[in-house]
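Hi,

Here is the structure I promised to pass on. Have a look at it first, and then read on for my notes.

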Amino acid sequence: MKTVSLKLLTIIADEALQRRLIEDIKKLGAKGYTLEKAYGEGDSGGRISQWEGENIRLEMLASAELAEKILDKISRDYFDRYSIIAYLCDAQVLRGEKFL
Amino acid sequence: MKTVSLKLLTIIADEALQRRLIEDIKKLGAKGYTLEKAYGEGDSGGRISQWEGENIRLEMLASAELAEKILDKISRDYFDRYSIIAYLCDAQVLRGEKFL
Amino acid sequence: MKTVSLKLLTIIADEALQRRLIEDIKKLGAKGYTLEKAYGEGDSGGRISQWEGENIRLEMLASAELAEKILDKISRDYFDRYSIIAYLCDAQVLRGEKFL
Amino acid sequence: MEIQALVVSLLSPMVLAFVLGIVATAMKSDLKFPEELYTALTIYLLIAIGLKGGYKLSITPFSEFIYPALAALVLGVVIPIWAYQILLRMGKFDIANSAAIAAHYGSVSAVTFGEAIAFHDNLKVALLEQNPQMTEEALKLAGGVYEGFMPGLLTIMEFPAIIVAILTARIAAGKSSKSNGETSLGKVMQELLAGKSSLLLIGFLIIGMICGKRGWEQVAPFFEAPFRGILALFLLEAGLVTGRRLGDLKKVGGFLIGFGIVMPILHAMLGVYLGKLAGLSLGGATILGVLSASASYIAAPAACRVALPQASPTYYLTASLAITFPFNIIVGLPLYHYFAKLLYGT
Amino acid sequence: MEIQALVVSLLSPMVLAFVLGIVATAMKSDLKFPEELYTALTIYLLIAIGLKGGYKLSITPFSEFIYPALAALVLGVVIPIWAYQILLRMGKFDIANSAAIAAHYGSVSAVTFGEAIAFHDNLKVALLEQNPQMTEEALKLAGGVYEGFMPGLLTIMEFPAIIVAILTARIAAGKSSKSNGETSLGKVMQELLAGKSSLLLIGFLIIGMICGKRGWEQVAPFFEAPFRGILALFLLEAGLVTGRRLGDLKKVGGFLIGFGIVMPILHAMLGVYLGKLAGLSLGGATILGVLSASASYIAAPAACRVALPQASPTYYLTASLAITFPFNIIVGLPLYHYFAKLLYGT
Amino acid sequence: MEIQALVVSLLSPMVLAFVLGIVATAMKSDLKFPEELYTALTIYLLIAIGLKGGYKLSITPFSEFIYPALAALVLGVVIPIWAYQILLRMGKFDIANSAAIAAHYGSVSAVTFGEAIAFHDNLKVALLEQNPQMTEEALKLAGGVYEGFMPGLLTIMEFPAIIVAILTARIAAGKSSKSNGETSLGKVMQELLAGKSSLLLIGFLIIGMICGKRGWEQVAPFFEAPFRGILALFLLEAGLVTGRRLGDLKKVGGFLIGFGIVMPILHAMLGVYLGKLAGLSLGGATILGVLSASASYIAAPAACRVALPQASPTYYLTASLAITFPFNIIVGLPLYHYFAKLLYGT
Ligand SMILES: Nc1ncnc2c1ncn2[C@@H]1O[C@H](COP(=O)(O)O)[C@@H](O)[C@H]1O
Ligand SMILES: Nc1ncnc2c1ncn2[C@@H]1O[C@H](COP(=O)(O)O)[C@@H](O)[C@H]1O
Ligand SMILES: Nc1ncnc2c1ncn2[C@@H]1O[C@H](COP(=O)(O)O)[C@@H](O)[C@H]1O
Ligand code: NA
Ligand code: NA
Ligand code: NA
């Protein structure tokens, strides 16, 4: 199978940021994303129910360049105020041209 | 810890394809999978509620060879008709023999 | 963007083990985790509804060393009695110092 | 009197809940219905409609039901065919999209049906408030009663249109039904019959018929008394989704917007007319009109996603959900009622 | 008269909803209950049963309750022991599987209980329809009434069997309870008591007792009136899962299928007999029989997944859910009622 | 008589369900409410409260509502200001945390309100049981009735406090509202108004007013009859979360624990007093007191997570959920009722 090397960017954040994050990544050029509900604990305490707020887990296949831009934006706008984490993995993507 | 190098294959597709996809991967020899509900947006519009249909996120640990076979099958049977994406990552798996 | 290389450890297990697993990883030094509900099939049959029990998918960013310790613990305490799988991927993490 | 019907329709908490849903989206509210709640409400509504219809059918003579049933079947077959032609020729949609939209308009909406039932029950209350001495006969002439077996007609109209539309698309595309990767028509039919909404409607219609009065009374406190409250909840959620879809209106273009308003009116007239021919009461004929006018958004989208995946949800969902659905429950109900009164000459 | 009981049982919308669930799976329907809905329904049923039972218990003299309570306890201890022996020796299952299956059959099913209550309430209606002048005494003799404190017996029978079975397995395996990684028995008991179903049943039984009539009346419109409708919804879901499990029937083998039918019958007879000894009415004894016959599928599976993880869900879930549960609610209820009438000589 | 009020409050199935939730957490029970169920219950409660309040408002003369409305507004503005000062100066909290906690105590809790309504309805039943000849006037003097428009006051008090608190924090921090990444105050207000709870309360208050009696009666079987049962379910879940939060009590320190008990008492007194000034009945004034005493845990946390993300949920959630909420529904209700009786001299 012909695959393309891309970055898989994962962002975990408070559900309250969902709308804003999605607007941001679209503005930066992302054409798609996948979203799941998630729970979690970290430095800012537990987000294990709707009382405390829940997390979203946002996943994007993107070129290294776009991924970089998104990470940049996130660390500028969110990191000092909100508790949010983000990381990259390498992925071999089928039909990968569509994400470029 | 002794781990085995395997492929982590992820497929994101319309929930309506769930039964068929699982049948397919089992026929090709997969012995297990993990499934989550997911939402998403992409070229075919948003799948952000049951009105539009939701996505599933299907994850499989598999040998490179089996992963290849599954990717083959998917691109042959689904890619021209359905909107579905698939990608591979490398994983170091504990008790990895069980997936071979 | 400055990122740090860490391990992304994923554990898939019966929901009934959730409390115990989280206690264990915290004791070993993990400061955070992300958790999702998941369904699945494997050698021990299907976990596709609450009747059969559901799965959790536990994800942790950790140093290679901590990840090793957790894998060790899991294979000692759980592998012979429970059906549970675990694997590692490589991740480039933003604000990675926070996980060390 | 037409004013009264309009007031009854507009002042219904269900309709206003729908409007609130749209307002919430416009305000970018964080109000969200969990998908699971939506599924639960759908299951509830389909079971409630099916069970009660089955019970009523069990006390209806066959001869009373057969002509309305035939009328419903005819509507379910004819509507998708002509809708397809209009979409293809006048709307310039491609085959898949024309067929998918036609499937939606040929099939029916259980929630619109539920609101039509509430409208008529409510009209009856309003009529009796005005004139408590009104006889059953007078009520019938004023449209305050309807045949209890209407859910049977809903069930009949649910899937023929979808099959007709898919078949039409296949024939038009000139494909043998064996083409690579394509689901065979048999399989599509099987999936339709086994689809959530058909299965629940048909299944509980039959259960209602088997159990009769004693069975119905056992579960009525759950499936009858809270029905309208739960319908209001459902309509709030429908409003939220409609609100999101409104943004797509400009994408679908003027033709589809017009289609989504004109066709329901025509279909309603046809439905009311056939209903009168089939011997239905004024209320019953109005409801048959509403069924004809309504566009599916449970069974048809599910079927199209599998059998016509090339068709774009942007078209068929926006048309059925953001145009036709609100039009029907807000303007359509009193309008079709008015039309039925003209036709029945009362 | 036996026919009447059979008809009452078979024509219940709850039983038919269960059958529809099986049919849906056979048709590969896309009908699915969200897990969250299943959880919500379970919570509802357990609370409703507990609360009402508690209220009834609050108006029952202790002397009336003590013997039936003892009978229930005896059943909860004896059934898992002999079931274990049969499974191990005749069924050739290993220790873990024998114990797990025994735990399921010793424990009880709240939904089967709910259906038994509905069956008896319904029977009363049927009897009164036939003969409106029937006295309370005559109704009691015909099995149309039962003691209100039955949920108390359900609660008592829920977990002893599970503890007995797990203990048996540990002794048989000759393990000290301190073996590596193994959960200690104390912890297992604690988890059982804190398990969802025990906690809700015991908790709301106590709440019902404390609050008495005024408390019950406050929440009865939610926990009593819609009970059977919600039970029907639950049974539809149970049918869907049972349908999936039916495919595993060949995997479990003939012995377990026989076990899943014969044992409930024997347990029901034992339960009815002990119920009579303990002074229960015909209806009450029948329900104690049903409890004995029923196999758990909430508390026991949860406990076995933790305490006996080597046991295979394929065996215990298929047996309890795909064999014994349908047998009990379809054939068992009228059968055990018939048996009770023979025993009570009415 | 005070004993009676205490008994009414303590023996409520709702309060006991809450206690059971705490017990369950202490026992490490696996009982969990799916998040979706929690959301569904919240939506239900807000709609039910709003709709009924709107209907009642539609039959209330404006002159009767205006002074209580003003009183509510004053409370909503004054409470967060002085609470902020106390937290900052005496509690030594930083600006963000002081403001966030103040926002919670200035805003209101719909569930505490629901329980206050249940308490008063129940008190009425208890009074009438004791003395069935009691006149409406005597009932009013004894606190057995209250104004139907109370949900209107709940709605008014929901968000002013949150805006005041956020504004206070911004001014205190000396930031221009344009600072990097910070949400502008206009946006915060817009998000508050569009927030789930305001939207549903305001929206259905208006819907209730528009639809009037006929509208309300259509949906009352769903939104009125089962209200308390559903409240009990919600309180069980609240107990589960409170139980988890109890572990954080030592983290928040003695000051906040004291704050969480003393402030509600003071606020209740202020609320009852202003209620009397505004012409409310004894029952109505008590409920205004309860509203003042209650701390938000739907609207305020949501707003703080967005507008004051530096504030720690450990403080504001633990205070409002694990201290003030249980205090109010268990001890507070009868206490504030007692205080109101003293003030009204009955
Ligand atoms: N080490 C970690 N591994 C995986 N997820 C984490 C980790 N630390 C934090 N998270 C997730 O990120 C969210 C915010 O983290 P924090 O800012 O540390 O509170 C948490 O709720 C978790 O879902
Ligand atoms: N770049 C992307 N990264 C992650 N997921 C994507 C991406 N593009 C599409 N998806 C997912 O794949 C589904 C189908 O995509 P599409 O065929 O582009 O509509 C979407 O609903 C998303 O869940
Ligand atoms: N090859 C696989 N790939 C991904 N997940 C798996 C795989 N095998 C098993 N699993 C997951 O691990 C759980 C337990 O597996 P097992 O012990 O094989 O029954 C299953 O329920 C699946 O969710
Ligand atoms: Na139609
Ligand atoms: Na049993
Ligand atoms: Na307050």
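Let me begin with a hairpin: S2(A) and S3(A) form one, with 2 residues between them. Helices (H or I, at least four residues) and strands (E, at least two) are DSSP runs, numbered from the N terminus.

Before I go further, some housekeeping. This is a predicted model, in which local features need pLDDT of at least 70 and side-chain atom pairs count only at pLDDT 80 or more, while totals for chains, interfaces and linings use all residues. Residues are numbered from 1 along each chain as its sequence is written, chains are lettered from A and ligands numbered from 1 in the order in which they are written, and side-chain values use heavy atoms, with hydrogens and water left out.

**Strand S2 of chain A**

S2(A) covers residues 33-42, and 3 bridges join it in the antiparallel sense to S3(A), residues 45-47. Within that pairing, Glu41(A) has Gly46(A) as its bridge partner. Two strands count as paired here if DSSP finds at least two bridges between them.

S2(A) also pairs with S4(A), residues 55-62, over 5 antiparallel bridges; there Leu35(A) stands opposite Leu58(A).

The pairing goes beyond chain A. Strand S2 of chain B (residues 33-42) runs antiparallel to S2(A) and is joined to it by 3 bridges, with Gly40(B) as the bridge partner of Thr34(A). Strand S2 of chain C (residues 33-42) is likewise antiparallel to S2(A), again with 3 bridges, and Tyr39(A) stands opposite Leu35(C).

How much of S2(A) is covered? Mostly covered is the description, as 7 of its 10 residues are buried. Buried means under 20% relative accessible area, exposed over 50%, and partly exposed in between (1.4 Å probe, protein chains only).

**Ligand 1**

Ligand 1 lies between chains A and C. It is surrounded by 19 residues, and the closest are Asp43(A), Ser44(A), Asn55(A), Ser83(A) and Lys98(C); a residue is near a molecule or strand if one of its heavy atoms lies within 4 Å of it.

From chain A, a polar side-chain atom of Asn55(A) lies 2.8 Å from an oxygen atom of ligand 1, and one of Ser83(A) lies 3.4 Å from an oxygen atom of the ligand. From chain C, a backbone N or O atom of Leu61(C) lies 2.9 Å from a nitrogen atom of ligand 1. The cut-off for a polar contact is a pair of N or O atoms within 3.5 Å; within protein, one must be able to donate a hydrogen and the other to accept it, and residues adjacent in sequence count only if both atoms are side-chain atoms.

H5(E) has 12 residues, 95-106, and at 1.5 Å a residue should span 16 Å, which agrees with the 16 Å between its end C-alpha atoms. The expected span is 1.5 Å times one less than the number of residues. At the start of this helix, a side-chain oxygen of Asp94(E) reaches to within 3.3 Å of the backbone nitrogen of Ala96(E). Because 11 of its 12 residues are buried, H5(E) is largely enclosed by the rest of the structure; among the buried ones are Asn97(E), Ile101(E) and His104(E).

Which protein donors does the sodium ion (ligand 5) have? They are Tyr105(E), Ser107(E), Leu291(E), Ser292(E) and Ser294(E), each through O, lying 2.4 to 3.0 Å from the ion. Tyr105(E) lies in helix H5 and Leu291(E) in helix H14 (residues 282-293) of chain E, so the pair ties together parts that are 186 residues apart in sequence. Tyr105(E) is buried at 0% relative accessible area, and Leu291(E) is buried at 2%. Donors are N, O and S atoms within 2.8 Å of the metal (3.2 Å for Na, K and Ca); water is not among the atoms, so sites may look incomplete.

**One more residue, and two chain pairs**

Asn122(E) sits in helix H6 (residues 110-130) of chain E and is buried, with a relative accessible area of 4%. Leaving out residues up to four places away in sequence, Asn122(E) touches Arg214(D), Gln218(D), Val8(E) and Arg228(E), where contact means heavy atoms within 4.5 Å.

By contrast, chains C and D do not touch, and their nearest C-alpha atoms are 14 Å apart. Chains B and F do not touch either, with nearest C-alpha atoms 14 Å apart.

Best wishes
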